[in-house]
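Please look over the sequence and the structure shown here before reading on.

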Amino acid sequence: MITQTAMKAALQKYLDGFNNKDHEAVISLFADDARIDDPVGGGQIIEGRDAITSFYEKSVASVDKLELAAPIRGSHGNSAAIAFMINVEMEGKKVCIHCIDVMTFNDAGKIIDMKAYWGPEDVQFL
């Protein structure tokens with residue numbers, strides 16, 4: 001089973017990958033058969049290596065910066081959570097999206113499931 005330390009380190013690498021504009025670093029954290037629900041309930045489910053690659057190539061390029069809102073959290077199982085702010089431009093306006101991602105890991109330390117929790121009220125126009 002993956003350790004809390006390893007999961008927290010992976011989520012820090014996720015954050016760093018975005019902030020360094022390194023989509024390959026972000027993609028490398030995911031298992032080939034991973035599933036992404038971003039945002040939860042938003043109707044967009046991304047599954048498999050090709051879809052994840054396309055999603056993160058676009059996402060990493062569009063984000064100005066991710067900022068931690070609280071320390072990365074572990075669990076008593078194989079999941080960890082990260083609360084952060086996504087600074088991005090939408091429709092020509094700068095916005096900050098307040099988000100919590102919960103990621104589940106396999107025994108090899110790869111993310112197999114990612115759920116991004118944010119809704120319309122979590123988008124702040126700057």
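**Paired strands and charged contacts**

The structure holds 3 salt bridges, and the model in which they are found is a predicted one.

**Strand pairing**

- Strand S3, covering residues 63–68, pairs with strand S4, covering residues 79–90, in the antiparallel sense over 5 bridges, and Glu67 stands opposite Met85 in S4.
- Strand S4 is also joined to strand S5 (residues 93–105) by 12 bridges, and these two strands run antiparallel, with Glu89 standing opposite Lys94 in S5.
- The hairpin of S4 and S5 has 2 residues between the strands, and Glu91 in this hairpin takes a positive phi near 50 degrees.

**Salt bridges**

- Asp32 forms a salt bridge with Arg49, with the closest N and O atoms 2.9 Å apart; this pair links distant parts of the chain, since Asp32 lies in strand S1 (residues 30–37) and Arg49 in helix H3 (residues 49–62), 17 residues apart.
- Asp32 counts as exposed because its relative accessibility is 55%, over the 50% cut-off, whereas Arg49, at 26%, counts as partly exposed.
- The side chains of Asp64 and Lys94 meet in a salt bridge at 3.9 Å, N to O, and this pair links strand S3 with strand S5 across 30 residues.
- Asp64 is partly exposed, with a relative accessible area of 43%, and Lys94 also counts as partly exposed, at 48%.
- Asp113 and Lys115 meet through their side chains in a salt bridge of 3.0 Å, N to O.
- Asp113 counts as buried because its relative accessibility is 16%, under the 20% cut-off, whereas Lys115, at 24%, counts as partly exposed.

Technical notes: Residues are numbered from 1 along each chain as its sequence is written. This is a predicted model: local features need pLDDT of at least 70, side-chain atom pairs count only at pLDDT 80 or more; totals for chains, interfaces and linings use all residues. Side-chain values use heavy atoms; hydrogens and water are left out. Two strands pair if DSSP finds at least two bridges between them. Helices (H or I, at least four residues) and strands (E, at least two) are DSSP runs, numbered from the N terminus. A salt bridge is a side-chain nitrogen of Lys or Arg within 4 Å of a carboxyl oxygen of Asp or Glu. Buried means under 20% relative accessible area, exposed over 50%, partly exposed in between (1.4 Å probe, protein chains only).
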